[in-house]
Amino acid sequence: MKQYIYFFFAIILFSACGSSKYNVGNTVEDKALSAALKQLDKNPSDTAIQNQIKILYNDAAVTHLNNIEKYEQSNDIKKWDQIIKEYEILQKTYNVISSSKDAINLIKPSSFTQEIENTKQKAASELYANGIDLLNTADGNKQKYRDAYYFLKKANSYVPGYKDVKKQMSYAYENGILDVVVNPVTDQSSYYSRLGSNSFGNSFNSDMLQRSLVRDLGSDYNKASGARFYTDRDADRANKDIDWIVDITWQNLDIPYPQTNQYSRNVSKQIQVGTDTSGKAEYKTVTATLYVTRRYFTARGELECRITDAHTRNNIDLRRYSGQVDWQQEYATYQGDYRALSNQDLALLNNSNYNQSPRKEDILLEIYQRIYPQLKNGIYNLVRW
């Protein structure tokens, strides 16, 4: 019988119009109750709807209370969000029914404001205790400090200012910040050695890439990421006790010589050649053949980022990031009538840069710029709180 009721009101729900104020939750029981309340708003004297609302309200309440009882048996700290969500749906149902002069005469709903508040207090108490336990046993273990910070921050979200939670959060944060060294970028692709280290000039070198990462990821001045970043030299000068080491290596790097191919295309254009005796413009079609020479290559690079624990030398993370650059240059000659050529065709004829291949340094930088956001975000996501 209940399945029939839910099916019936589910159909009503799709066809009913009216205020969304009656939408209380997403369970089958909630939706059926919402649909019935909308129908009662239109037909307050319909006894069939009145009777069904009583049944539907009871079923919805039982469903949520059973869910709460199930979540309370869990050891997962996420249970508190789920319990509070269930109580908030029950409270919303109470508010909706209480605001309806027709529904309130049928049902005497229960308010759950006190239950919501009590649950938040319980959640804050448990999470605060978990955080303090971790702080008391951390003994320099930064992961424990970070875990403690998470528990304390969550406790504060349930009850802002709970006990001395903000003080403890600050302590956990300061002790959980990672000191991370980013080493100079190295090359195992043999590309540098084949060309010689001076081939790329001074604007591209491993130190520059290293400094860019340290600057963008935060260094000493940006604590938002939960880590402080240093070059190897800066860490040595400051005598820092480093937690993580970031090693970045070109594994595959290929900037080939340009290849060449040729193709031709016919072009035509209508041009005015004069006027007839009545003054009307006369046109003729002029044609030309464009012979295009295309020089092109695809450069590719793959960068490996390995992060290790500075104390244990255990791997924390290892992944590769790739990027490519497609380059081409064209110039053209022609046969035929010059007037048939478009502006784009003329630009090809006058392309004085055709024989100037891009510098390998510029291509390498462009490959790195394609990879850099992936690399930076990958490291940031590992250290952030």
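What does Asp-147 count as in terms of relative accessibility?

Tutor: Asp-147 counts as partly exposed because its relative accessibility is 32%, where buried means under 20% relative accessible area, exposed means over 50%, and partly exposed lies in between (1.4 Å probe, protein chains only). The model is predicted, so local features need pLDDT of at least 70 and side-chain atom pairs count only at pLDDT 80 or more, whereas totals for chains, interfaces and linings use all residues. Residues are numbered from 1 along each chain as its sequence is written, and side-chain values use heavy atoms, with hydrogens and water left out.

Asp-147 belongs to helix α6, which covers residues 142–158; helices (H or I, at least four residues) and strands (E, at least two) are DSSP runs numbered from the N terminus.

With contact meaning heavy atoms within 4.5 Å, residues 24 or more positions apart supply 71% of the contacts that have a separation of 6 or more. The chain exposes about 21500 Å², of which carbon and sulfur atoms account for 45%; such areas come from the Shrake-Rupley method with a 1.4 Å probe, and for residues only the protein chains shown count as cover.

Val-267 sits in strand β5, residues 259–275, and counts as buried because its relative accessibility is 13%. Leaving out residues up to four places away in sequence, Val-267 touches Val-286, Thr-287, Ala-288, Ala-340, Leu-341 and Asp-345. Val-267 and Asp-345 are 78 residues apart in sequence, yet their C-alpha atoms are 9.3 Å apart. Thr-308 lies in strand β6, residues 281–309, and is buried, given its relative accessible area of 9%. Beyond its neighbours within four places in sequence, the contacts of Thr-308 include Asp-243, Trp-244 and Ile-245, as well as Asn-314 and Ile-316.

Asp-345 is buried, with a relative accessible area of 3%, while Arg-265 is partly exposed at 30% relative accessibility.

Another salt bridge links Arg-339 to Asp-337, with the closest N and O atoms 2.8 Å apart; Arg-339 is partly exposed, its relative accessible area being 41%. Arg-359 and Asp-362 also form a salt bridge, and their closest N and O atoms are 2.9 Å apart. In that pair, Arg-359 is partly exposed with a relative accessible area of 48%, and Asp-362 is partly exposed with 33%. Elsewhere, salt bridges with shared partners join Lys-142, Asp-179, Arg-228 and Asp-243 into one network. Asp-243 is also among the contacts of Thr-308.

Notes. A salt bridge is a side-chain nitrogen of Lys or Arg within 4 Å of a carboxyl oxygen of Asp or Glu.
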